[in-house]
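The sequence and coordinates come first.

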Amino acid sequence: MTTTAFLAAEHYLPHAAPMVLIEKVLAVSEQGASCQVRVSADGVLAPFLDAQGQLPAWFAMELMAQTVGVWNGWHAGQRGSAPRLGMLLGGRGLSCSQAAFPADALLTISVNMVLQDEKLASFECAISSEDSSQTSDQGREIIVAHARLNTYQPEPEELKKLMQGISK
């Protein structure tokens with residue numbers, strides 16, 4: 001993966017705060033991307049934490065989807081285009097080893113494209129944690145969630161029609 005300096009995640013996503021849930025872009029390649037976020041009361045995840053300062057595990061799907069969005073937005077930028085809205089068609093096999101990501105856990109989200117055509121793509125996704133309560137005896141990151149996400153990239157005209165249907 002390319003490990004050059006990256007802009008903040010919001011530069012690659014068609015989102016605005018507080019809906020940008022990724023803090024740092026670590027790497028982007030032709031086939032995948034890797035991003036990070038810390039579960040912290042003073043970070044981007046703060047509005048979504050429970051009373052114990054933990055992030056509910058069901059946020060894993062959105063963290064994965066936004067990492068796919070970073071991948072897509074970075075590649076759009078390389079072509080001279082702005083990030084475009086994509087759609088999550090679904091996730092298969094979402095598995096989380098815990099009910100919530102603990103406070104202060106550093107989550108690394110990795111996505112790898114399995115297949116892609118003009119508008120559809122499928123990504124194998126994983127979230128690993130280096131939180132001290134979740135690490136193995138060797139102190140390495142362990143995978144705490146994984147899934148396969150299927151995405152759709154509509155053309156601007158398609159998106160406009162879809163949005164008009166929603167607003168009616």
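Predicted model: local features only at pLDDT ≥ 70, side-chain atom pairs only at ≥ 80, totals over all residues.

## Nonpolar core

The largest nonpolar core has 41 residues, and the members that touch the most others are Leu55, Leu63, Met64, Phe101 and Ile127. Six elements each supply at least two residues of this core: strands E1 (24-28), E2 (32-38), E6 (106-116), E7 (120-129) and E8 (142-152), together with helix H1 (60-78). The most, nine residues, comes from H1. In soluble globular proteins, nonpolar side chains tend to be buried together.

## Met64 and Ile127

Met64 lies in helix H1 and is buried, with a relative accessible area of 0%. Leaving aside residues up to four places away in sequence, Met64 touches Leu94, Ile109, Val111, Cys125, Ala126, Ile127, Ala145, His146, Ala147 and Leu149. Gln116 is 52 residues from Met64 in sequence, and the C-alpha atoms of the two are 17 Å apart.

Ile127 has its own set of contacts, again not counting residues up to four places away in sequence. Among them are Ala60, Leu63 and Met64, then Phe101, Leu107, Thr108 and Ile109. Ile127 also touches Ile142, Ile143, Val144 and Ala145.

## Backbone geometry

Most residues other than glycine have a negative phi, and most peptide bonds are trans. Against that background, the bond joining Ala17 and Pro18 is cis, with omega about 10°. Pro18 is placed in the segment before E1.

Asp104 is not a glycine, yet its phi is positive, at about 75°. This residue sits in the loop between strand E5 (100-101) and E6. Asp104 counts as partly exposed because its relative accessibility is 48%, and the range for that class runs between 20% and 50%.

## Cysteines

How many disulfides does the structure hold? The number is zero. For Cys35, the closest cysteine sulfur is that of Cys125, and the two sulfurs are 11 Å apart, so they are too far from each other for a bond. The cut-off for a disulfide is 2.5 Å between sulfur atoms. Seen from Cys125, the closest cysteine sulfur is in Cys35, again at 11 Å and too far for a bond.

Both cysteines are under the 20% limit for buried residues: Cys35 has a relative accessible area of 0% and is buried, and Cys125, at 3%, also counts as buried. Cys125 is also one of the residues that Met64 touches.

Definitions and conventions:
Residues numbered from 1 in each chain as written. Heavy atoms only, no water. Core = buried A, V, L, I, M, F, W, Y, C linked by side-chain atoms within 4.5 Å. Buried < 20%, exposed > 50% of the residue type's maximum accessible area, 1.4 Å probe, protein only. Helix = DSSP H or I, 4+ residues; strand = E, 2+ residues; numbered from the N terminus. Contact = heavy atoms within 4.5 Å.
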